[in-house]
Amino acid sequence: MARVLQSINSENARAGTITRLAITLEDGPSSRPPTLTDFFALLDIVPDSPTFLERIEGPIMPFFFHNGDGNRFGLAARTRDSARTLRDLILWEPTLASDLRPLFLNEHLQFPAQIAFEDKIFRNIDWRWLPLSQNTDLGLAYAVFSANQLMILTTNQSGMEAVLTRLLGSQ
């Protein structure tokens with residue numbers, strides 16, 4: 001799966017655009033979009049909380065956000081319980097970035113000795129950010145958008161802001 005994402009990542013697109021990825025899993029004679037459980041299993045990602053994946057339902061919505069620093073991966077997924085999903089992500093923060101390393105594709109990352117996510121607010125939506133580069137828009141951002149029951153993960157700050165802008169525009 002990581003190789004497939006990397007090959008898609010090499011495609012060029014206009015800066016500031018979001019490209020949704022249509023991923024399907026062959027499940028016997030039929031195919032279906034992957035759940036977060038499927039996706040994490042394909043990338044060997046193990047959540048810190050054993051109940052985290054139980055609250056995420058339906059297929060994921062993977063995408064690339066294109067900016068001047070390259071293409072950055074992100075995904076959104078529906079959650080049955082926004083508050084508990086947010087709690088699980090906050091508790092997972094000490095290892096979240098290293099556990100989600102496959103989402104950064106082939107980026108050479110230097111994880112800080114002290115993991116310190118920052119609180120961010122964009123258009124009145126709270127989200128969390130861990131910068132992983134001083135020179136580029138590269139890091140880990142997450143939000144739980146209660147209005148739509150969505151959990152959002154992105155690997156750059158501008159990607160999170162673009163997704164939130166689209167979500168607010170769709171209401």
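1. Helix H4 covers residues 157–169, 13 residues in total, and spans 19 Å from its first C-alpha to its last. This is close to the 18 Å expected at 1.5 Å a residue, where the expected span is 1.5 Å times one less than the number of residues. Helices (H or I, at least four residues) and strands (E, at least two) are DSSP runs, numbered from the N terminus.

2. The model is predicted: local features need pLDDT of at least 70 and side-chain atom pairs count only at pLDDT 80 or more, while totals for chains, interfaces and linings use all residues. Residues are numbered from 1 along each chain as its sequence is written, and side-chain values use heavy atoms, with hydrogens and water left out.

3. Which residues of H4 are buried? They are Gly159, Met160, Ala162, Val163, Leu164 and Leu167. Buried means under 20% relative accessible area, exposed over 50%, and partly exposed in between (1.4 Å probe, protein chains only). The cover over these buried residues includes strands E1 (18–20), E4, E6 (118–122), E7 (125–131), E8 and E9; contact here means heavy atoms within 4.5 Å.

4. The open sheet consists of 7 strands in the order E1-E4-E5-E9-E8-E7-E6, with antiparallel pairing. Two strands pair if DSSP finds at least two bridges between them. E1 and E6 are at the edges with a single partner strand each, so one side of each has no neighbour in the sheet. From one strand to the next, the twist averages 25°. E6 and E7 are joined in the antiparallel sense over 5 bridges; isoleucine 121 has aspartate 126, in E7, as its bridge partner.

5. Helix H3 lies across E4, E5, E7, E8 and E9, and runs at about 170° to E8. Axes are lines fitted to C-alpha atoms, for helices over the stretch in contact, and angles run from 0 to 180 degrees between N-to-C directions.

6. Threonine 85 belongs to helix H3 and is buried, at a relative accessible area of 0%. Leaving aside residues up to four places away in sequence, threonine 85 touches Phe52, Arg55, Ile56, Thr79, Val144 and Met151. Valine 144 lies in strand E8 and is also buried, at 11%. Valine 144 and leucine 86 are 58 residues apart in sequence, yet their C-alpha atoms are 6.1 Å apart.

7. In soluble globular proteins, nonpolar side chains tend to be buried together. A nonpolar core is a set of buried Ala, Val, Leu, Ile, Met, Phe, Trp, Tyr and Cys residues joined through side-chain atoms within 4.5 Å. The largest core has 33 residues, of which Leu36, Phe39, Phe40, Leu100 and Met151 touch the most other members. H3 gives the most to this core, with 4 residues. A second, separate core of 18 residues includes Trp127, Phe145, Leu150 and Ala162.

8. There are 6 aromatic pairs in the structure. Rings of Phe, Tyr and Trp (its six-membered ring) pair if their centres lie within 6.5 Å; planes under 30 degrees apart count as stacked, over 60 as edge-to-face and the rest as tilted. Phenylalanine 40 and tryptophan 92 have ring centres 6.5 Å apart and planes at 75°, so the pair is edge-to-face. This pair links helix H2 to helix H3, its members being 52 residues apart. Both phenylalanine 40 and tryptophan 92 are buried.
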